[in-house]
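Please work through each task before turning to its solution.

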Amino acid sequence: MQAIRSVIENFRASEMFHNYRRNASAVAGSGILAFFLFVVVFGPSLVAQNPYDIASLDLLDSYKPPAWMAGGDPRYLLGTDGQGRDILAGIIYGCRISLFIGLSGMFCSSVLGTLLGLLAGYYGGRLDSIIMRIADIQLSFPSMLIALFLMSAFKTGIDKILIALTAVGWVIYARTVRGSTLSEKQKEYVQAAVVAGLPNRKIILRHVLPNVLTPLIVVATIQVGSFILIEASLSFLGVGVPVTKPSLGLLIKNGFDVLFSGLWWTSVFPGAFIMLLVFGINLFGDFLRDELNPRLK
Amino acid sequence: MARPLLAVQGLKTHFHTFAGVIKAVDGVDFALGQGEIIGVVGESGGGKSVLGFSIIGLIDPPGRLEAGEIWFDGRRLDNLGEEQLRKIRGKDITMIFQDPMTSLNPLYTIQDQMEEVMKLHDNLNASQRRQRCIQLLKEVGIPEPESRLKNYPHQFSGGMRQRVIIAIALTLHPKLVIADEPTTALDVTIQAQILKMMRGLVKDHQTSLMLITHDLAVVAEMADTIIVMYCGRIVERGRNSDIIRGSRHPYTRGLLASIPKMTGHQRRLQQIPGMVPDVRSLPPGCSFAPRCEFSQDRCRAEAPRLIGVDAEHDVACHFPRER
Amino acid sequence: MRLLEVKNLEQRFDVSPGFLERLKFKDGRVRAERTIVHAVNGVSFHIDRGEVFGLVGESGCGKSTTAKTVVKIHPPTGGQILVKGEDITHHDYRRMLPIRKKIQMIFQDPFASLNPRQRVRDIIMEPMIFSRAVGTKGEAQDRAMDLLRRVGLGPEHADRYPHQFSGGQRQRIGIARALSVDPELVIADEPISALDVSIQAQILNLMVDLKDEFGFSYLFITHNLSVVRHISDRIGVMYLGFLIEVGTSQDIFQAPKHPYTRALLAAAPTIDGSRPIDPVEIRGEVGSTLSLPVGCCFQPRCPLAFGRCTEEHPEWVAVHPGHQVACHLFEPGSH
């Protein structure tokens, strides 16, 4: 308890917190993220309907406009889609899916990329060349292509999306970590560890790794946002999440077909939410990037 | 002395950071004549670099010149706007920085960089400029200057780069050159060459030199007058021989005594105990009192002011040591 | 049996760029050249128990690289290293482990030599634990606290992080770390160069006191002549990766023989204005270890160079027992 309190105290006294409070976009960004956190955790309990439960749907309620418009129904705040599913409920569940994909994709990419970056930077030589060449090759394949290939070979599924995202997402971590590793390796505390008798494995884990993580925080934050968007595009093309677990992107697609017949709410609201989410992530990521950049000090 | 070229009175430069006010320079007075070399000595946090930057007007927010006056050649500098300062910078007052590796722009030839100053302040034509460049490079001891004009900084060694930087500083015959640790990053043998060259240039052109360094030995060999700074204030000020051989302030004495000698034998060096205090929370009274073996109650209560203990020798100490 | 013996130590670094960048057109043919830094070229010296051996020279002379090669941070590309008679030159990680208890190192940069994410306590304990110098973690903790006190810090510092300390304090932590395994030889690589003048004296005194108390030897690397004179029993002078003169502190400072040593002494500014007896003024720039001069490494800058100097590298000559020079001027038969 004492430790937690001291961490919080240190944080509040720190320059970072001071800059945070004065930075409107940082506060806005984290406000948005807090909102989404709330939605994800408490959302489902606030909404009456579970949009995946087919039994609870009523086809007669289909394509109802948002509650404040003519013909709207106060039960469905943002209207309904073609199957009578509450848009708001769909969005709340969709947020969870989108965020889950964004975060897990980021997690898998970062673990794989960091590991490869550490090995490449620390050991150098052929291992480094091989890993970096694979990274270069990987970058020439847009994740779209990989996802399309995986989808056509197997069925759609969240795991396929994660594989596709990871296959492309690891590279930036590997590159960043490799650069930081090369730089930290020259530092004397690493040499001191050699002299102290540590084996390479321990040096990498105890000394190098903790010191190369900082730049990754920014990369990871921004990547969550970009993964959410990539997944949305994939879903839009029909090679994303399965229909049973719609993400925000798939919701947009579902409403796309009827967008131009005046039933705009089915696409626009999910679209607005994705925009807001990614915007919040980027605002906060910008703040982190400026704060954690030692050169600007 | 005859009207001094540079006179600084009561200068205070403070930095207003989120963690408090850093009084980097806190009440500094000194004067420098034409053709004179003044050594500004102190350790990190002493304020000597900030002093140099304050004079040439390179203090950026959150720092500002809080108080005091800077008189240069009969004009006040501290209240000038950026426009007017720019006319003086590079022409009448120039500055040399510590790191020769980063002081030059790696993307331009040295001829470009030398001519940049000329183009800003003078109206020589291209061929005159080129001649001036060659002449300057010769003066600072660069062999075969004609062939090196089109070289880039990375094609020069550290010592050579520092010579180029000095050449740039001297381009327009400035009256005052401020050198901030100009030889600290150089090897001893190169340092000796550079210092010898600088001494020669000062004599030949009657340029005044403000030499900022932590190296007492360098200052002992180069300076006519010396000021010793500690925590933003001058603790001792006087002629070279007075300071080096007859210092009266415990800090100056401590510094001199803690340097190993080249003659004789000592088992242990004399050391100044403790550490330089945090500039954000200086002790009341004399800043050096916590580390001073001679400090008494008065020292901790009242900050000492500079008083003359001899002709042209001032000490800021309530109990200056005997000679 | 000597504590440390270094014979003809060599260290070459291959800093060649990638294959494509190496291709050059030369002598009518396309070649892929390698760029080699000859950092240490045939350096030989020894250190006995309880003595301080100072290695002095300017930047690029190879003194730091020599130190780091001796302790196998960089494996040597030639020569031999013997620790108490044992040839450790080609020892792998496992065989080096017991040696790690005998030789430790203090580094130059107080900001880069401590892991910013490790607490002081763990920093000091680490060598003890990994080189198996102590039996239990409890012993390691006790010893760490004791060392902390011994270097002038307190138990309240043990749980803090490096960034909370000043440069001088960080060096003290580095010293405590090096002493944690009770070594017989401590290699100090420019330990005070990055510190303020008034702190340098403190740390130097501390290092001398600790040596007297625990009885270990130092290999003390520095570019500062007055410091090396103060602390060393014997001194080696290096230039461009070569050891060019070795002798006692008195030999080097009262009767320097090699022109480079004399030039070095002449160039150093002094507080008391004292000048060495036989000064030599050096000309030109420090050479490069990428392309060593032919013959003697110093001949391009030496005002006393003559014919032989451009032809072959000088052998060691003893001008005095214990005082050796690598210079053609001192060979029997030369002028």
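**Exercise 1.** How many bridges join strand E3 (residues 37-41) of chain B to E8(B), and do the two run parallel or antiparallel?

*Solution.* The model is predicted. Step 1: five bridges link E3(B) with E8(B). Step 2: the two strands run parallel. Step 3: within this pairing, Leu211(B) of E8(B) has Gly39(B) opposite.

**Exercise 2.** Determine how strand E7 (residues 176-180) of chain B is connected to E8(B).

*Solution.* Step 1: E7(B) is joined to E8(B) by five bridges, and the strands run parallel. Step 2: Asp180(B) has Ile212(B) as its bridge partner in E8(B). Step 3: the chain passes from E7(B) through helix H8 (residues 188-205) of chain B to E8(B), a β-α-β crossover that is right-handed.

**Exercise 3.** Explain why strand E8 (residues 208-213) of chain B is largely enclosed by the rest of the structure.

*Solution.* Step 1: in a regular strand, side chains alternate between the two faces of the sheet. Step 2: Ser208(B), Met210(B) and Ile212(B) point one way from E8(B), whereas Leu209(B), Leu211(B) and Thr213(B) point the other way. Step 3: six of the six residues are buried, so E8(B) is largely enclosed by the rest of the structure.

**Exercise 4.** In what order do the eight strands of the open sheet in chain C lie?

*Solution.* Step 1: the order is E8-E9-E10-E5-E11-E12-E14-E13 (chain C), with mixed pairing. Step 2: strand E8 (103-106) and strand E13 (317-320) of chain C are the edges, each pairing on one side only. Step 3: E5(C) and E10(C) pair in the parallel sense over five bridges, and Phe53(C) has Leu219(C) as its bridge partner in E10(C).

Technical notes
Residues numbered from 1 in each chain as written. Chains lettered and ligands numbered in written order. Predicted model: local features only at pLDDT ≥ 70, side-chain atom pairs only at ≥ 80, totals over all residues. Buried ≥ 20, exposed ≤ 12 C-beta atoms within 10 Å, placed from the backbone. Helix = DSSP H or I, 4+ residues; strand = E, 2+ residues; numbered from the N terminus. Pairing = 2+ DSSP bridges. Right-handed = clockwise from strand over helix to strand, strands pointing away.
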